Amino acid sequence: MIKINKNYLKLESSYFFSEISKRVTRFQQSNPNKVIIKLGIGDVTKALPPACIKAFHKAVDEMADDATFRGYGPEQGYEFLREKIVENDFRARGVDISIDEVFISDGAKCDSGNIQELFSKDIKIAVPDPVYPVYVDSNVMAGRTGKFNQDRYQGLIYLESAQENGYVPDIPMQKVDLIYLCFPNNPTGATATREQLSKWVAFAHKNKALIIYDAAYEAFIRDKTLPHSIFEIPGALDVAIEIRSFSKTAGFTGTRCAYTVIPKQCVAYDETGHKILLHKLWLRRQATKFNGVSYPVQRAAEAVYSLEGKKQTGELIDYYLANARLIKDKMLALGYHCIESNNSPYIWVKTDKDSWDFFNFLLEQAGVVCTPGSGFGRCGQEYVRISAFNSIENVKKALANISEALSGQDC
Ligand code: PLP
């Protein structure tokens, strides 16, 4: 008899996103003439930068000729891309990463979901609340949690992020072995200072713990005082893994390219307390289960680091950040609390109402789709996430509709 992995039965169903789309469809069907503006999902809306498209086309043409055709690529990714990553994303910031510490992949989602395979089943895990759900679900699947009960899985330590701590969680009182951090944060948009990250790095050293640092939104950091990488913090190379993505940096959500950095000095421990290099384990894992990202996609990603690529991706991010600023300024003017800095495509709005009620209100009265905060965890119950990924025209229209709907309304 073929038996299932019973941990999958513990997973909360994908009720949340299907419920959003059900409510939007129902509303659209009963209001066919109403224009609905979607500021809900975290997907980019603008085309790939021309520099990436040019490199993409050129690489596809190479694949059409026997003389330049490429089959399987190197398992860690092509050196031409890893060199550019090291040079631009790390050495330019004074971080000494070598190219064989970079692993190219087809997504930060896969990497952040797969990395837990390297660790023992009985480790203690801390996740942020609100949280990018992949960190939690991948550990549920692996059997590292108990049941789902009152919005939380038993056995996980939830690091609460709220207005009081500026949405940067405090160091836990108890010992944990694995910590997921994400800055700029999805969904809150919070960023972490050097001092805050230094505390996490010190905590990881003290507890022989590991930090998985998801920096998928790094390109949105505009505040020059903020670190872009956890490896800018002294001592982090021993205790952290960093995950980055081209998805939001350069509009690659449908093209698929990301990378993970595992420093060679970064360790976990075996049963007897001996140090084991995580780099070696991940290399072994990837070589077994992954066959790399396609050559044209890696060439397109390489073009992000060309002169034109940097200019064009900078403009792309500026475009979304301008939308984010409009959203934030409007919600603040309407009397809602949200983070005031502008280093993220997401605005986490404190509604002081049930997040589904506020979602319904915006949908029905303003024709605007946001994401109810409760989908990201218990701490999101009175929040909604509004995304800047749309055209500026749509964002302006959505904000005018929200203003109008809120004037004189009890919400
Ligand atoms: N990490 C965070 C925090 C995200 O919000 C997302 C996507 O929304 C990802 C990772 C996934 O990125 P990718 O498209 O590279 O899989």
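The model is predicted.

In aspartate 214, an N or O atom of the side chain is 2.7 Å from a nitrogen atom of the ligand. Tyrosine 217 has a polar side-chain atom 2.6 Å from an oxygen atom of the ligand. For arginine 256, an N or O atom of the side chain is 2.8 Å from a ligand oxygen atom. Taken alone, the ligand exposes 400 Å², and the protein buries 91% of this area.

An open sheet is formed by three strands. Their order is β13-β16-β15, and the pairing is antiparallel. Strands β13 (346-350) and β15 (371-372) lie at the edges, each pairing on one side only. Strand β16 (residues 383-387) runs antiparallel to β13, and five bridges join the two. Within this pair, lysine 350 stands opposite tyrosine 383 of β16. Helix α11 (residues 307-333) packs on the sheet and touches β13 and β16. The direction of α11 makes about 10° with that of β13. A further helix, α12 (residues 355-366), lies across β15 and β16. Helix α12 runs at about 45° to β16.

Backbone geometry was examined next. A cis peptide bond links aspartate 129 to proline 130, with omega about 5°. Proline 130 belongs to the loop between β3 (125-129) and α5 (133-141). The peptide bond from asparagine 186 to proline 187 is also cis. Here omega is near 15°. Proline 187 sits in the loop between β7 (178-182) and α6 (194-207). Aspartate 151 is not a glycine, yet its phi is positive, near 70°. Aspartate 151 is placed in the loop between β4 (148-149) and β5 (152-153).

Methods: Residues numbered from 1 in each chain as written. Predicted model: local features only at pLDDT ≥ 70, side-chain atom pairs only at ≥ 80, totals over all residues. Heavy atoms only, no water. Polar contact = N/O pair within 3.5 Å; in protein donor to acceptor, adjacent residues only side chain to side chain. Areas by Shrake-Rupley, 256 points an atom, 1.4 Å probe, with all protein chains shown as cover. Pairing = 2+ DSSP bridges. Helix = DSSP H or I, 4+ residues; strand = E, 2+ residues; numbered from the N terminus. Contact = heavy atoms within 4.5 Å. Axes fitted to C-alpha atoms, helices over the stretch in contact; angles between N-to-C directions.
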